[in-house]
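This report describes the strand pairing, packing and ligand surroundings of one structure, shown below.

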Amino acid sequence: MTFSVFFEEIQNQFAQNLPLVAYKMGQEAPIKAFLQENDRLYKTSSFEESGFVLAPFNLEQGSILIPSMHAKMLTTSAVNPDLSRDANIALKNTLENPSAREKEAHIELIKKGITAIQNKEFTKVVLSRQELQTVNKNSALDIFTWLLQSYPSAFVYIWFHPKVGLWLGATPETLLQIENKTFKTMSLAGTQTYKNTNSITWGAKELDEQNIVTKFITAQLAPYLTNLTVSDTETIRAGNLLHLKTLITGELSNMQTNLKNIIAALHPTPAVCGLPKEAAKTFINSQENYDREFYTGFLGELHVKKIQSRNTNRRNVENNAYAHIKTVSNLFVNLRCMQIKDKTALIYVGGGITQDSNPDKEWEETVAKSATMKKVL
Ligand SMILES: C=C(O[C@H]1C=CC=C(C(=O)O)[C@@H]1O)C(=O)O
């Protein structure tokens, strides 16, 4: 399907006020969509269905599903949408800065987090806030197009349900990818602003906050995986930010393992919550001054069918007859995201707090994170 037909279909779905999601899973991936045939709000708590799931930070609030059986699925090959017609609009966008009161409140929250760490309530907590920005783009699809252009290696999405709202994002973080027995995830934490090079030195605070995530993930997955492998840690770029990333892979020891159990073991990881998990979560839910909703939840394909040909070598055409269907799950942590309400974007940003955190620096980190998203509005 061509890019323009694909976009027309999505525009029609919006015009009919029906649920949809369009997304791209990183570099070279096609852009896909699920267009739901009705406006019912389907939920999942078992994570056994097939479809596209959007789960909140607090899973108790309920995860939303666009079921495969009630949706039309579309795919268009990877493209670089032409944004030149929109360039003037982007230049006119004036970034609205957070107020002195917002800054004071967030620094106060961070200080409370550091005190709780000193009092041994937990060793790490991820604290976040919401920032508002007027939207200058004509349509949400324009923002999606800009996200695609600006974050070629991220999981980029636009998600809409008339009974829930409109969310967009470009996240660098995978929660889990399962294909047959193969299981992949990552530990992502630590932030610096990108200054024309990936060759940078990381401080002890960042190395420590990311190591907490790696250790948590490997320990939580140990009961479910064999051949668990932890890669070297590398620096990766996400927009104008750099992070520390470690890949964690393995094989599911039991194919019958319930995905719900693995999700419960991982989510929310210390990259978005803290350690120990429950103590940090309680602190977040009682001390942050707003509801995270789907920010730091997860989203993506749940038990979706993928057609794979065994051999793409043209000389072995006959082997292609054995193309087979796999079931895959690809879930991503909902970071660098926003919710759009009328002409205002609610942007969600946070950062990991440890005993070595400096409140002013942590504030600046959230400002840098929101700036990367404001640019596309
Ligand atoms: C919680 C966020 O980022 C997480 C992922 C990467 C780096 C992070 C950090 O440096 O604190 C966070 O753990 C966010 O961007 O809102």
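In the hairpin of β18 and β19, two residues lie between the strands, and aspartate 342 there takes a positive phi near 55 degrees. Helices (H or I, at least four residues) and strands (E, at least two) are DSSP runs, numbered from the N terminus. The model is a predicted one: local features need pLDDT of at least 70 and side-chain atom pairs count only at pLDDT 80 or more, whereas totals for chains, interfaces and linings use all residues. Residues are numbered from 1 along each chain as its sequence is written.

**The open sheet**

Strand β18 (residues 337–341) pairs with β19 in the antiparallel sense over five bridges; two strands pair if DSSP finds at least two bridges between them. Within this pairing, lysine 341 has threonine 344 of β19 as its bridge partner. Both strands belong to an open sheet of nine strands in the order β6-β2-β1-β8-β9-β18-β19-β7-β15, with antiparallel pairing. Its edge strands, each pairing on one side only, are β6 (71–76) and β15 (274–275). Helix α1 (residues 3–15) packs on the sheet and touches β1, β2 (31–36), β6 and β8. The direction of α1 makes about 30 degrees with that of β2; axes are lines fitted to C-alpha atoms, for helices over the stretch in contact, and angles run from 0 to 180 degrees between N-to-C directions.

β7 and β19 run antiparallel and are joined by 10 bridges. Glutamate 131 has isoleucine 347 of β19 as its bridge partner, and glutamine 133 stands opposite alanine 345. β19 is mostly covered, with eight of its 10 residues buried; a residue is buried if 20 or more other C-beta atoms, placed from the backbone, lie within 10 Å of its own.

**Pairings of β14**

Strand β14 (residues 241–252) takes part in the antiparallel pairings tabulated here.

| Strand paired with β14 | Bridges | A residue pair |
|---|---|---|
| β11 | 11 bridges | threonine 185 and isoleucine 248 |
| β12 (residues 225–230) | four bridges | valine 230 and isoleucine 248 |
| β13 (residues 234–238) | five bridges | arginine 237 and leucine 242 |

β13 and β14 form a hairpin with two residues between them, and glycine 239 in the turn has a positive phi of about 65 degrees.

Leaving aside neighbours within four places in sequence, valine 21 is in contact with Ala33, Phe34, Phe52, Ile66, Tyr157 and Trp159; contact requires C-beta atoms, placed from the backbone, to lie within 7 Å.

Leu147 is also one of the buried residues of helix α4 (residues 140–150), together with Asp142, Ile143, Phe144, Thr145, Trp146 and Leu148. The cover over the buried residues of α4 includes β1 (20–25), β8 (155–161) and β9 (165–171).

**The ligand shell**

Which residues are closest to the ligand? Among the 17 residues that surround the ligand, they are Ala189, Thr191, Gly350, Gly351 and Gly352; a residue counts as near a molecule if its C-beta atom, placed from the backbone, lies within 6 Å of it. β7 (124–134), β11 (182–193) and β19 (344–353) are the elements that give two or more residues to this shell. The shell divides into seven nonpolar, seven polar and three charged residues. In this division, Ala, Val, Leu, Ile, Met, Phe, Trp, Tyr, Cys and Pro count as nonpolar, Asp, Glu, Lys and Arg as charged, and the others, Gly among them, as polar.

Definitions and conventions:
Buried ≥ 20, exposed ≤ 12 C-beta atoms within 10 Å, placed from the backbone. Contact = placed C-beta atoms within 7 Å.
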